[in-house]
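Please consider the structure shown below. The paragraphs that follow lead through its loops, its helix packing and the surroundings of its ligand.

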Amino acid sequence: MRVLVTGVTGYIGSHAAVELLDVGHDVVGVDDFSASSPSVRAAIERAAGRPIELHELDLRNRAAVNCLFDKGNFDAVIHFAGRKFVGESMDRPVRYYSRNVGASINLAAAAQRHRVEKIVFSSSCTVYGNPAQLPVNEATPVAPVSPYGRTKVAVEDLFSDLCATDPNMSVLSLRYFNPIGAHPSGLLGEVPQGTPNNLLPYVMQVAAGQRSTLSVFGGDYDTADGTCIRDYVHVVDIAKAHVRALDYVDHVRGFDAMNLGTGRGSSVLEIITACRIATRRDIPYQIVDRRAGDAAVIFADPTRANIDLGWRAEANLTQMCFDHWRFERAHLAPEAQAS
Ligand code: UFG
């Protein structure tokens with residue numbers, strides 16, 4: 001297939017591009033580089049041993065999106081582009097609605113008009129908010145607790161309504177739990193801009209000596225060690241699920257959503273321990289106030305993806321932390337690598 005990949009130079013988009021290229025799909029990537037760098041293209045091409053087509057494009061520009069589809073001849077779209085930080089979304093909700101929902105409306109309209117009927121959408125476990133029952137399966141009610149989460153629900157609703165009224169459309173929404181890790185080649189990984197918002201990038205920068213202490217957001221949650229629990233899943237496992245997802249939307253019409261997680265929850269303190277083992281470095285931390293918008297505990301029931309996609313998360317926590325560290329280390333200044 002000739003696949004349009006939005007957000008191709010981002011963390012998950014870049015890993016997915018490699019997996020798509022590996023199985024023989026052609027990748028036409030777009031990105032506005034607001035949270036990534038054009039240099040990621042070379043890393044994708046090196047890791048996969050094949051070229052991609054790359055366009056700089058802001059999906060909020062409707063005319064540009066239509067122009068892309070006019071010339072694109074796409075068989076399918078995988079839509080990664082968007083902002084993804086809970087905390088930032090609490091402060092800047094309009095930015096989230098514009099970049100996540102506005103952009104998706106343009107993309108959906110162009111895809112429908114050009115009869116590009118297979119779409120895979122990057123959603124998140126954040127749509128479930130603070131679920132009453134664990135693990136969460138896809139029948140768990142969506143009840144997001146942040147603007148970020150509400151934008152993901154809004155886009156799922158958009159695609160669901162689109163499919164309900166256009167029977168040839170097929171959209172699979174993949175609800176990622178917490179992707180971490182990096183490509184085993186060491187070429188691709190997460191490159192946060194400025195101070196990292198997510199746990200793993202922050203932990204790794206503490207391990208590398210670039211930051212002195214990790215702030216653990218909340219030590220008084222109703223969990224065994226008092227810190228939040230998440231289902232951390234290797235980014236390459238997540239990337240591989242997109243190959244399966246393309247196959248799925250090729251055969252099944254309508255809208256569907258599936259969880260991508262391991263089925264196992266880990267606390268923030270367990271992550272720190274795993275990262276200490278993987279990095280062999282000290283990771284000083286202090287418990288601080290809870291972060292607004294955080295769910296206490298969430299982990300997946302990934303049965304549907306296991307059965308209907310034939311997908312299963314394979315990497316364990318140590319492997320994820322080790323791969324994340326390998327990438328981080330490769331991008332450190334020489335003096336930090338040696339210490
Ligand atoms: N955390 C800290 N200190 C930090 C950063 C995070 O204690 O410096 C804690 C958070 O409070 C949370 C856990 O680590 O309990 C994980 O936080 P992240 O910010 O890494 O991830 P979230 O669970 O908030 O999930 C969000 C989105 C997901 C997305 C994920 C990774 O909801 O959709 O970030 O990008 F997949």
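In which loop is phenylalanine 33 found? Phenylalanine 33 belongs to the loop between β2 (26-31) and α2 (40-48). The model is a predicted one, and in it phenylalanine 33 has a positive phi of about 60°, although this residue is not a glycine. The peptide bond that runs from leucine 134 to proline 135 is cis, and its omega is near -5°.

The discussion now turns to the packing of helices. Two packed helices are described by the angle between their axes and by the distance between those axes.

Helix α7 spans residues 199-207 and helix α9 spans residues 268-279; their axes come within 11 Å and cross at roughly 45°. That angle makes α7 oblique to α9. The crossing in which α7 passes α9 is right-handed. On the α7 side, Leu199, Leu200, Val203, Met204 and Ala207 take part, and they meet Val268, Ile271, Cys275 and Thr279 of α9. By class, this contact of α7 with α9 comprises 8 nonpolar residues, 1 polar residue and no charged residues.

Helix α7 also packs against helix α11, which covers residues 317-330; the axes of α7 and α11 come within 10 Å and cross at roughly 60°. These two helices are therefore oblique to each other, and their crossing is right-handed. Leu200, Pro201, Met204, Gln205 and Ala207 of α7 make the contact with Cys321, His324, Trp325 and Glu328 of α11. The residues of the contact of α7 with α11 divide into 6 nonpolar, 2 polar and 1 charged.

The remaining pair is α9 and α11. Their axes come within 8 Å and cross at roughly 60°, and α9 and α11 are therefore oblique to each other. Here α9 passes α11 in a crossing that is right-handed. From α9, the residues Ile271, Ala274, Cys275, Ala278 and Thr279 meet Leu317, Thr318, Cys321, Phe322 and Trp325 of α11. The contact of α9 with α11 contains 8 nonpolar and 2 polar residues, with no charged residues.

The ligand remains to be described. Which of the 21 residues around the ligand come nearest? They are Ser124, Leu199, Ser215, Arg230 and Asp294. For serine 124, an N or O atom of the side chain is 2.4 Å from an oxygen atom of the ligand. Asparagine 198 places a polar side-chain atom 2.9 Å from an oxygen atom of the ligand. With serine 215, the backbone is involved: one of its polar backbone atoms is 2.8 Å from a nitrogen atom of the ligand.

Note on methods
Residues numbered from 1 in each chain as written. Predicted model: local features only at pLDDT ≥ 70, side-chain atom pairs only at ≥ 80, totals over all residues. Heavy atoms only, no water. Axes fitted to C-alpha atoms, helices over the stretch in contact; angles between N-to-C directions. Helix = DSSP H or I, 4+ residues; strand = E, 2+ residues; numbered from the N terminus. Parallel < 35°, antiparallel > 145°, perpendicular 65-115°, else oblique. Left-handed = near helix turned anticlockwise from the far one by under 90°. Contact = heavy atoms within 4.5 Å. Nonpolar A, V, L, I, M, F, W, Y, C, P; charged D, E, K, R; others polar. Near = heavy atom within 4 Å. Polar contact = N/O pair within 3.5 Å; in protein donor to acceptor, adjacent residues only side chain to side chain.
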